[in-house]
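Trainee: I have a structure on screen and would like to learn how to read it. Can we go through some features together?

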Amino acid sequence: RLTWDAVDLVHGYIALQARHSKTGGARRVTIHPPLRRILEGAAARGGGRICPACWGRHWAALHRAAGWGSARPWRQDVLRHTFASYHLGHFRSYSALQYEVGHRDVSLLRTRYVDMGGVRSAEAFWR
């Protein structure tokens, strides 16, 4: 659903509309260096699209190539939780994470992201 009118590369954020947000609130998401590289690459390809044509087929092929399927189902919010885990592991701030994911307060984050044992190389994730 992301369109270029929501992306501000100059100021470094994406403006999410409430209807596109899991938490139901409009917010700004920071464009960190890895995402900046992806977005700049998409802009250089042109065509007015952020996601490539036939994205659903590309996404399904990526899932299969990574070993996800009926024997190993894809969890619905795995990308959101990965982002949150690595954000907290690197930036070490519940309030910064709360801002990025659009939670009303940090209480849910403090209960969900306590055991960070699975997070490795959080710094590399953000390069």
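This is a predicted model: local features need pLDDT of at least 70, side-chain atom pairs count only at pLDDT 80 or more; totals for chains, interfaces and linings use all residues.

Trainee: Let's start with V29. Is V29 buried or exposed?

Mentor: Buried means under 20% relative accessible area. V29 has 15% relative accessibility, so V29 counts as buried. V29 is found in strand β3, residues 27-30.

Trainee: Leaving aside neighbours within four places in sequence, what is V29 in contact with?

Mentor: G12, Y13, I14, L16 and E100.

Trainee: Now the largest pocket. How much space lies in it?

Mentor: About 1900 Å³. Of its 38 lining residues, L2, I14, L16, L35 and L79 are the closest to the centre. Helix α1 gives the most to the lining, with 6 residues. By type, the lining divides into 22 nonpolar, 8 polar and 8 charged residues.

Trainee: How do I read an aromatic pair? Take W59 and W74.

Mentor: Look at the ring centres, then at the angle between the planes. Planes over 60 degrees apart count as edge-to-face. For W59 and W74 the centres are 5.6 Å apart and the planes are at 85°, so this pair is edge-to-face. W59 lies in helix α2 and W74 in the loop between α2 and α3, so the pair ties together parts that are 15 residues apart in sequence.

Trainee: Which residues form an aromatic cluster?

Mentor: F83, Y86, F91, F125 and W126 form one. W126 is buried, because its relative accessibility is 9%. F83, at 22%, is partly exposed.

Trainee: Which ring does the charged end of R28 sit over?

Mentor: The ring of Y13, 3.9 Å from its centre.

Definitions and conventions. Residues are numbered from 1 along each chain as its sequence is written. Side-chain values use heavy atoms; hydrogens and water are left out. Helices (H or I, at least four residues) and strands (E, at least two) are DSSP runs, numbered from the N terminus. Buried means under 20% relative accessible area, exposed over 50%, partly exposed in between (1.4 Å probe, protein chains only). Contact means heavy atoms within 4.5 Å. On a 1 Å grid over the protein atoms alone, a cavity is a set of points where a 1.4 Å probe fits but cannot get out, and a pocket is an open set with protein on both sides within 12 Å along at least five of seven lines; lining residues have an atom within 4 Å of a point. Grid points are joined across faces, edges and corners, and a volume is the space filled by probe spheres set on the points. Ala, Val, Leu, Ile, Met, Phe, Trp, Tyr, Cys and Pro count as nonpolar, Asp, Glu, Lys and Arg as charged, and the others, Gly among them, as polar. Rings of Phe, Tyr and Trp (its six-membered ring) pair if their centres lie within 6.5 Å; planes under 30 degrees apart count as stacked, over 60 as edge-to-face and the rest as tilted. A charge sits over a ring if NZ of Lys or CZ of Arg is within 6 Å of the ring centre and within 35 degrees of the ring normal.
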